[in-house]
Amino acid sequence: MSRGPSNSRKVHDFLQFLGAHTQGGRIYLTGGASAVIVGWRDLTVDVDLKLDPEPAGAFACIAQAKEVLDMNVELAAPDDFIPALPGWRERSKFIVRHGTTDFFHYDFYAQALAKIARGYGPDRSDVEAMHRLGLVELETLLAMFEAIEPELERYPAIDPPRFRGKVEAAVAWLTDDNGGNDDNLAHSP
């Protein structure tokens with residue numbers, strides 16, 4: 001069942017709802033949920049989450065919240081698609097605590113690398129926004145890629161040399177003074 005898109009207010013209502021009906025744990029937001037809360041997008045189709053550690057009652061609460069708030073919620077995070085970056089928990093930005101549950105933005109370096117790996121049109125805009133807002137620094141982005149590069153063989157959907165090319169191309173166009181007008185994120189070798 002398709003539900004309506006979510007804006008920042010709806011995502012914050014969702015966090016409050018979860019905090020009121022769960023116990024402990026941490027919930028990490030990623031993708032469009034981070035984008036609307038930080039403010040580089042107005043709407044998101046899905047609210048993507050990672051539960052780590054899983055708050056008690058989270059799954060029943062999420063199912064109820066989807067209906068009550070008319071929103072799409074998925075359990076998805078960058079480490080479902082690329083290797084987990086070392087130190088991702090420590091780099092995840094705190095958003096708010098509701099009740100005994102803490103909410104964070106999943107590490108923006110991991111979000112950026114997962115978007116670069118995927119390479120869809122909106123992904124490029126998201127990576128540009130993360131860089132423009134100072135959420136990712138290019139030198140660190142490249143270092144984070146290099147830290148996970150040896151583990152890429154465990155992800156058969158990823159072609160490691162092509163992924164490296166995409167990361168290097170992204171760093172190049174983000175470094176470019178004109179903001180990078182080519183399509184290297186989606187079309188690099």
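Let me start with Ile27, whose bridge partner in strand β2 is Leu51, and with Thr30, which has Asp48 as its bridge partner in β2. This is a predicted model, in which local features need pLDDT of at least 70 and side-chain atom pairs count only at pLDDT 80 or more, while totals for chains, interfaces and linings use all residues. Residues are numbered from 1 along each chain as its sequence is written, and side-chain values use heavy atoms, with hydrogens and water left out.

When I say strand or helix, I mean DSSP runs numbered from the N terminus, with at least two residues (E) for a strand and at least four (H or I) for a helix. Strand β1, residues 26–30, and β2, residues 46–51, run antiparallel and are joined by 4 bridges. With strand β5, residues 101–105, β1 pairs in the parallel sense, again over 4 bridges, and there Tyr28 has Phe104 as its bridge partner. Two strands count as paired if DSSP finds at least two bridges between them.

How much of β1 is buried? Of its 5 residues, 4 are buried, where buried means under 20% relative accessible area, exposed over 50%, and partly exposed in between, with a 1.4 Å probe and protein chains only.

Turning to the whole sheet, we have 5 strands in an open arrangement with mixed pairing, ordered β3-β2-β1-β5-β4. The edge strands, each pairing on one side only, are β3 (72–75) and β4 (93–98), and from one strand to the next the twist averages 30 degrees.

Terms used. Axes are lines fitted to C-alpha atoms, for helices over the stretch in contact, and angles run from 0 to 180 degrees between N-to-C directions.
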